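Let's take a walk through this model together. Have the sequence and the 3D view side by side.

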Amino acid sequence: MLGVRAMRRFAAVLLDMDGTLVDSDAAVERAWLAWAAEAGVPAELILPRMHGSPAPTTIRAVCPALDDDAVDLAAARQLQLQYADLDDVVATPGAARLLVALKELDLPWAVVTSADRRLAAARLGAAGIDPPLLVTVEDTAHGKPAPDPYLAAAARLGVAPGDCLVVEDSQPGIDAGHAAGATVAALRGLDADIRLGDLGDLADLLLAAG
């Protein structure tokens, strides 16, 4: 975890959803494995690509022969599997503390996700989280790892991307945050500007930095 003295006051905090703010790992993995079984995609091919990117991006990576229409159909089916599964979807450790800290600091924040709005609303609702701003895969032409989602969130909050802290748990998300020019904090032991054990660590750092 980056030391407190290295922190600064950010203009906004932009949080990924799945795996960052909401623990939906099991539901995401169940849906992708079910889709892979239906599509005849080996599980070992889909396992490293389940998290962080929009469904069409993942499907193109594992099924490069599909044309755009077939990718759209496959992505729609994969999303249907996710819509139907909210079992064990909860807020991640430290999420409640972080949201309290953001309110105390009067710090603008947003959720920036590769999910669509229907799925994001369902998962955030299951976790009891109501973000002031939600940017989904439907809001930009390109999803993560492109910077577009984070650039859109910063623009809607009226802040410069370079003054934002992005919080992520996947490499595509980290790449998107860096490409947008933001400082990136990462969970799951991934390498970024700040490494976090959980979101409670981030709450402590933000409060200490004022």
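We'll look at a helix pair, then a later helix, then the cysteines.

A quick word on ground rules: this is a predicted model, where local features need pLDDT of at least 70, side-chain atom pairs count only at pLDDT 80 or more, and totals for chains, interfaces and linings use all residues. Residues are numbered from 1 along each chain as its sequence is written, and side-chain values use heavy atoms, leaving out hydrogens and water.

Start with helices H1 (residues 25-39) and H4 (residues 68-83), whose axes sit 9 Å apart at an angle of about 135 degrees. Helices here are DSSP runs of H or I with at least four residues, strands are E runs of at least two, and both are numbered from the N terminus. Axes are lines fitted to C-alpha atoms, for helices over the stretch in contact, with angles running from 0 to 180 degrees between N-to-C directions. H1 and H4 are therefore oblique to each other; the cut-offs are under 35 degrees for roughly parallel, over 145 for roughly antiparallel, 65 to 115 for roughly perpendicular, and oblique for the rest. On the H1 side, Val-28, Ala-31, Trp-32, Ala-34, Trp-35 and Glu-38 meet Ala-74, Arg-77, Gln-78, Leu-81 and Gln-82 of H4.

Now move to H8 (residues 171-179), where Pro-172, Gly-173, Ile-174, Ala-176 and Gly-177 are buried, meaning under 20% relative accessible area with a 1.4 Å probe, protein chains only. These buried residues pack against helix H7 (148-157) and strands E6 (164-168) and E7 (183-186), contact being heavy atoms within 4.5 Å. After H8 comes Gly-181, with a positive phi near 90 degrees.

Last, the cysteines: Cys-63 is buried at 15% relative accessible area, and Cys-164 is buried at 1%. The disulfide count is 0, a disulfide being a pair of cysteine sulfur atoms within 2.5 Å.

Definitions and conventions. Buried means under 20% relative accessible area, exposed over 50%, partly exposed in between (1.4 Å probe, protein chains only).
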